[in-house]
Amino acid sequence: MTARNLHFLLRPRSVAVIGASDSPRTAGGVALRNLVEGGFRGRLMTVPGTNAVAGVPGWRHVSELPEAPDLALLCTAPDVLPRSVDELGTRGTRAAAILTDAADAPGAADRLALHQSVLNAAKPHLLRVLGPDSIGLLVPQINLNASIAPVSAQLGRIALISQSGALTAAALDWAAAREIGFSCVVSLGDGADVDAADLIEYLGGDTDTRAILLYIESIRAARKFLSAARAASHAKPIIVLKSGRTAHGAQAALRHTGADPGNDRVFDAALRRAGALRVKTIAELFAAAETLGRAPCTHCDRLMILTNAGGPGVIATDAVVAGGGELAALAPESTSALRQVLPAAVSLANPIDLGAGADAARYAAAIEALQSEPERNALLLINTPSYVASARTVAGACALAVRARRRAVLACWMGSGRARDAARVLQAAGVPLYETPEAAVQAFLYAAEYLRNRESLQETPASTLLDFTPDSAFVVGLLQRTIAANRLELSDPEGKALLAAYGIPVVETYFATSVDAAVSLAGEIGYPVALKVVSPELEHRADVGGVMLDLEDAGEVRRAALDISDRLAGFRPGATLEGFTVQPMMRGQGAVHHRHGAREISISAVEDAIFGPVIHLGVTADACAVGLVPLNTSLARDMLLRCGLVPTTGGASRFAIDLDAAAVAISRVSQLLTDHPQIVSLAIEPLLADENGVMALEVRTRTAVPKIPGNGRLAILPYPRHLEQQLELAAGSFLLRPIRPEDARAYCAFIARIDEPDLRRRFARSSGPLPDRDIARYTQIDYDRDMAFVAVRQTGSGDSEIVGEVRAHRYPEGPSAEFGIIVRSDLKRLGLGRALMQKMIGYCRRNGIELIGQIHPENDAMLALAARAGMQVERPPGAQIAIAHLAGR
């Protein structure tokens, strides 16, 4: 994960075209012409040649260039690309865009061979490569058109990253017709080196970019992509258009890129986990960017509609409801204020129809009357041509009314191009403009979905799992014995034992090897019972009628066992009858019922080829959800809600269950998969859930020797428990461990007990609690990117409290990180600060991370601590800060 040297690609001061030409039909000719006509502000050079090409000086060889170009555009034959890259790297160039198509490589086994040759040439020089098969990049802010695209880009604050050169060119043309501008446009091509994740990493910190648009067909490095997207989405919207939604589309994408586009539902789940937003069309991509690029529009999830015509208002209302959105219920204060400024005939319900006689003053008065509504209520202004007031006059009045407001406002001025021209004053006031009510509502729905995704990133899970220790040793032994015996699947009793070891409630299950044994066990358990066949060749017992329920006496059990045996022999000749499981049919208060209102939840865990282990939940064919492992209770709860289930506290409903118990069970399944990569699939069918709790009835578990050991198969790194360390000081016992999302409440309490001077030095604030978004950002870290260790001790009441932390935030440009440390003000000078500092130093040294700290020159205690920890401390004369530094090795 790095954005190293990408500033040479996106902010070059000089550009050389290698393979430049006077011909307008060659890549070298088009690229040079675009650079010149674009008015690039830096130095231009060409190779080969001694004469000027298009007025740009030329040199015969890269080594003869008067300076090392920051960026080189390679338009040469494929077979000379590796040599050209090596020559440029030797000269000092640090970024190159390859506009040559690797598919045309003569003599190359395939395009991957060329990719590797280019990478081998670039790596020793830390030279970043865009492409091959890229059409280049455009950065309007510096007048850089380093592309072979037929259309240039206007200046704006939207970044576009695309895996398709053709779509990049089409999007530029589409945006130009609609006067949409860009901070940069990058065509990835084959993405041999620079990929979408690298650019998201860079653009996440780019102040000239307010939204990132992404067109992709496949992802090769899932963890890298999710890590970059999760970090950037905290700062700005990431809006994704991914092709291959259907089976035929996926096959076309595979032929186009050579990479598997993956399971579409899993990709949706991955984007949701990253806080990104997915759209379906190019038009929606830019419409969503136009909306979300305006700060208030990222904080709304209900819609108010203000219109001068009933029809468009109804159309907009239908679109909101059909899209799963929410119309705002107007507060009494708002209806009262509207009543004072609107005619008596005007309806005050949402949508608010101002009537055909609505003029500019009526629109402005209505907008003012709605200002007491919560900021989460967005406002859609709809105007149709009217004889009362011109569209331009109404737009001007509305622009004045909303200019100084923090509310999200969208506008739809219906009609021809004249209506849109009239509404440009609204665009100038920061209001996104749409041609139809449906388009405006779709943009609002995307804004609401983006808010939900953002808020899910900031939700803090309950600490349900923290006090539970699974019997991992038992599971390891069971899996080792199974794999050693060359068995691919656990029996149902073994699978239930595996779940029970992780605290997941399972129905009592007893195994009988014969009909007589089944009858005897049923008598011991007590009637009624359930009887189920056990055969290693059966994936679904129901295929042979292998499940019998509500057996009331020994006779029914015997007949059921004999019938099952006959059906197995008849339907599956040769299948092995190992025996039967006998289970009680549960009744009575406090138990999950086998029927009578309990919901059946299907839980299926499988290995996705791109994102690793994923969990599928299903209640009905249309009520399902997918989540990436690892899952905490908050994420599991969100999956259950998306399946249409509601908590028992939510009122009477046939879907009401103990949502917390179900979320805990799902999160423990996730932990089981995380801890044991030998489990390649697991299915609980079903997990019964009602208001009293949950219980697993049947489980199928398949095992194998893992292809990728440890956590390497996970797209999101789980909590690194191995970094926990017990610390004994004179002041007591402490646990040094990585911070985790469940620490949110304890972290708030920790901050509350820090004195004002310490708070100001660490967080640049003097008092007051940290906002929820900051608490989430500090406790929900990406362990693959950053690290934070906290010192925890037990209180007299048995609770845990945080008393100190050290944090290292990695820079995107390379293997270095800035650290910060703070100890609770009443617990200083006890050795905690030094212990935390040594913990972080050890972690950074093991991972090759250079540690850097900025310390106030008057913070003598921190300066002394850094020096004692072995860091080099420099105090530049006249500088406002001192720098503490520690090499990564």
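How many nonpolar, polar and charged residues are in the lining of the largest cavity? The tour comes to that after a look at the whole chain.

**Start: the whole chain**

This is a predicted model, so begin by colouring the protein chain by pLDDT. The mean pLDDT is 88, and 92% of the residues reach 70 or more. Now select residues 588–595. Over this stretch pLDDT stays under 50, and the model gives it 25 contacts beyond four places in sequence.

**Stop 1: the largest cavity**

The count of cavities of 30 Å³ or more comes to three. Go to the largest cavity, which holds about 110 Å³ of space. To show its lining, select Ala269, Arg272, Arg273, Ser456, Val626, Gly627, Leu628, Leu631, Leu635, Asp638, Met639 and Arg642. By class, this lining has six nonpolar, two polar and four charged residues, which answers the opening question.

Next, show the elements around the cavity. Helix 9 (264–274), strand 25 (624–628) and helix 22 (633–642) each supply at least two residues of the lining. Helix 22 has the largest share, with four residues.

**Stop 2: the second largest pocket**

Of its 31 lining residues, the closest to the centre are Asp268, Arg272, Glu449, Arg452 and Arg642. Arg272 and Arg642 also belong to the lining of the largest cavity.

Which helix gives the most to the lining of this pocket? Helix 17 does, with eight residues. The lining as a whole divides into twelve nonpolar, seven polar and twelve charged residues.

**Stop 3: the cysteines**

Select the cysteine sulfurs. The count of disulfides comes to zero.

Then move to Cys624. The nearest cysteine sulfur to Cys624 is that of Cys643, at 6.5 Å, and Cys624 is in no disulfide; a pair would have to lie within 2.5 Å. Is Cys624 buried or partly exposed? Cys624 is partly exposed, with a relative accessible area of 24%. The tour ends here.

Conventions: Residues are numbered from 1 along each chain as its sequence is written. This is a predicted model: local features need pLDDT of at least 70, side-chain atom pairs count only at pLDDT 80 or more; totals for chains, interfaces and linings use all residues. Side-chain values use heavy atoms; hydrogens and water are left out. Buried means under 20% relative accessible area, exposed over 50%, partly exposed in between (1.4 Å probe, protein chains only). pLDDT is the predictor's confidence in each residue, from 0 to 100. Contact means heavy atoms within 4.5 Å. On a 1 Å grid over the protein atoms alone, a cavity is a set of points where a 1.4 Å probe fits but cannot get out, and a pocket is an open set with protein on both sides within 12 Å along at least five of seven lines; lining residues have an atom within 4 Å of a point. Grid points are joined across faces, edges and corners, and a volume is the space filled by probe spheres set on the points. Ala, Val, Leu, Ile, Met, Phe, Trp, Tyr, Cys and Pro count as nonpolar, Asp, Glu, Lys and Arg as charged, and the others, Gly among them, as polar.
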